[in-house]
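Here's a quick tour of one protein model, from the overall fold down to a few side chains. Have a look at it first, then read on.

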Amino acid sequence: MNKPLIGAFFAALLLGAGITPAVAAESAQAQESATETAPAVKAVTFAGTVALSNCSGSVVRSPDSQPTDPALVLSNGHCLETGFPGPGEVLVDRPSTRTFTLLNASGTGVGTLKASKIAYGTMTDTDLSLYELASTYEQIETSYGIKALELETAHPVAGTAITVASGYWKRTYSCDIDGFVHQLKEGRWTWKDSVRYTPECQTIGGTSGSPVIDDATGKVVAVNNTGNESGQECTDNNPCEVDENGEVTVREGINYAQQTYSMVPCIGAGNKIDLDREGCGLPKP
């Protein structure tokens with residue numbers, strides 16, 4: 001995984017809030033690299049992204065979400081304050097009071113949003129979490145002038161220009177979708193039909209949960225989650241690719257994301273997660 005971060009230093013420096021322990025802090029080298037300036041992408045800003053205590057995320061909506069619906073925040077399953085869900089574990093409707101720093105277009109924190117619950121979370125087949133907020137989309141837009149990012153409903157396409165927008169680091173990474181991975185294995189977890197980036201997207205710890213945005217449409221097509229750090233095969237922080245024939249490929253330095261189009265049909269009236277809705281592709285408990 002693009003590791004979540006810990007440590008009071010990061011909280012005080014970046015978020016002004018407490019840190020939820022998750023895994024070991026980033027190396028000094030990774031911290032230093034985060035200060036480098038990434039190529040600017042004018043089509044994509046930080047508006048609607050959020051900083052978690054240890055990860056990144058974004059306020060998202062489906063095409064059918066209404067202004068009066070409770071807003072949703074998208075991040076990774078491995079960013080949950082409850083810890084990494086085990087293989088086969090799915091969390092639904094768990095109480096949560098987690099807070100998120102909402103960013104404007106320039107990456108400035110403009111307010112704090114609060115969760116009412118973990119609407120959904122898993123690391124099985126995919127690596128995502130959805131928090132339901134105590135605020136509606138309408139309330140967020142009225143208070144901060146910021147609209148939610150819309151979720152794409154169709155499978156992304158190889159060659160698409162994308163931007164990974166990290167609310168934690170207030171940094172963007174620009175590259176293309178290189179292709180898709182039948183199975184991506186990392187430690188105990190297996191993810192399906194993962195997005196593989198071209199090498200330019202050198203995401204680091206703290207970028208976990210960042211929205212992957214289609215530069216042309218501005219819609220969210222995936223959620224950033226991992227990368228092979230040292231060339232190991234299928235170990236923690238070193239995912240490997242497994243094709244339909246069981247052939248394993250290791251791509252050191254390459255990073256990945258989990259598609260989000262298959263979760264859109266799971267978002268029903270009132271933004272409630274309904275895993276029995278037609279077309280819903282998320283694992284069930």
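## The chain as a whole

Contact here means heavy atoms within 4.5 Å. Among contacts in the protein chain between residues at least 6 apart in sequence, 65% join residues at least 24 apart. This is a predicted model, so local features need pLDDT of at least 70 and side-chain atom pairs count only at pLDDT 80 or more, while totals for chains, interfaces and linings use all residues. Residues are numbered from 1 along each chain as its sequence is written, and side-chain values use heavy atoms, with hydrogens and water left out.

The protein chain has three helices and 16 strands, taken as DSSP runs numbered from the N terminus (helices: H or I, at least four residues; strands: E, at least two). Of its 285 residues, 54% count as buried, meaning under 20% relative accessible area with a 1.4 Å probe, protein chains only (exposed is over 50%, partly exposed in between).

## Aromatic pairs

Rings of Phe, Tyr and Trp (its six-membered ring) pair up if their centres lie within 6.5 Å; planes under 30 degrees apart are stacked, over 60 edge-to-face, and the rest tilted. That rule gives three aromatic pairs. In one of them, the ring centres of Phe100 and Tyr131 sit 5.1 Å apart with planes at 70 degrees, so the pair is edge-to-face. Phe100 belongs to strand β5 (residues 99–103) and Tyr131 to strand β7 (residues 128–136), so the pair ties together parts 31 residues apart in sequence. Phe100 and Tyr131 are both buried.

Tyr168 and Trp169 also make an edge-to-face pair, at 5.3 Å centre to centre and 75 degrees between the planes. Both Tyr168 and Trp169 are buried.

## Around Glu241

Where does Glu241 lie? Glu241 is in strand β14 (residues 240–242), and is buried, with a relative accessible area of 6%.

What does the Glu241 side chain make a polar contact with? A polar contact is a pair of N or O atoms within 3.5 Å; within protein, one must be able to donate a hydrogen and the other to accept it, and residues adjacent in sequence count only if both atoms are side-chain atoms. One partner is the side chain of Arg196, at 3.0 Å, and another polar contact, of 2.8 Å, joins the side chains of Glu241 and Tyr256. Leaving aside residues up to four places away in sequence, Glu241 also touches others, including Val181, Leu184 and Val248.
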